[in-house]
Amino acid sequence: MPTHFGPARGPRQMPDGMPADPASNPRRLSVAARFLTDAARLEAHLPEGFALSGEPVVTVEFHYLTGIDWLAGRGYTMVQVSWPASFAGREDKASGRFLAVIWESLADPVITGRDEVGHPKLYADIPPLRTWDGAHLCSAGWLGFRFLDIEVSGLRDISPDAPPPDDILMLKYVPRTGDWGEADLCQVTLTPGADPDRSVERRQAGTGRVQFHPAAWADLPTMDHVVNALAGLPVYEPRGGTVVHSRGGKSYLDQRILR
């Protein structure tokens, strides 16, 4: 919306005649940290039909994107929080990682990503990556309240080759206008993790630390419930961190619905 001016511009609807090069754009610097937590806590936040699959390891990833073609060379940053899960529906079964929430630093991908592909996106202020004394420091906040920090340090180069990423599972929910609490649409979606257009140039591994900061309602009036649920996860054991330099990638054109 508004549809009366024509289709919304975005990564899946570029202007006519505008060339795209998914093998080269965008540039991406990814910083991730992982930790082992309580399985029952994660199960409590999975939608109906989902179950925890494997160890209860939460991954928090910052993706700093630059040179995005559909933004005419501009960029933004996204933060993804996920953990391993499986889905069993009436017809389909799938496993991968459940994408619990995404924060992004620009409204445009939040709007189009929620509407077109059903990603659970929220807005956040995400400052540029800070590197200091061999560590990569990432943070996210909202109107002056910092709710997330991760740090990845002690980095060493490892092979850029890695197993294909897990498929991504999500819940797309659209509320019914005028009938609060009811849904116009509620469906499970899957985005394949493997991306033939994305190439990894450098991969590093090290130690990782994740900290969600608990928030009062006045700190985060529209998403304190999200942040506090994640802040309440106990950190039993850090599971390391990674820094990945890559380029290229698709715009979720092959997402499918699971029933």
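1. Arg-247 is partly exposed, with a relative accessible area of 27% (buried is under 20%, exposed over 50%, partly exposed in between, using a 1.4 Å probe and protein chains only). Its side chain meets that of Glu-201 in a salt bridge, 3.8 Å from N to O (the rule: a side-chain nitrogen of Lys or Arg within 4 Å of a carboxyl oxygen of Asp or Glu). Arg-247 sits in strand β13 (residues 237-247) and Glu-201 in strand β12, so the pair ties together parts 46 residues apart in sequence. Strands here are DSSP runs of E, at least two residues, numbered from the N terminus.

2. A word on the source: this is a predicted model, where local features need pLDDT of at least 70 and side-chain atom pairs count only at pLDDT 80 or more, while totals for chains, interfaces and linings use all residues. Residues are numbered from 1 along each chain as its sequence is written, and side-chain values use heavy atoms, leaving out hydrogens and water.

3. Glu-201 also forms a salt bridge with Arg-27, the closest N and O atoms being 2.8 Å apart. Arg-27 lies in strand β1 (residues 27-36), so this pair joins parts 174 residues apart in sequence.

4. Now compare Arg-97 and Glu-61, whose side chains meet in a salt bridge (3.3 Å, N to O). The pair links strand β5 (residues 93-104) to strand β3 (residues 57-66), 36 residues apart. Arg-97 is buried at 17% relative accessible area, and Glu-61 is buried at 13%.

How values were computed: Helix = DSSP H or I, 4+ residues; strand = E, 2+ residues; numbered from the N terminus.
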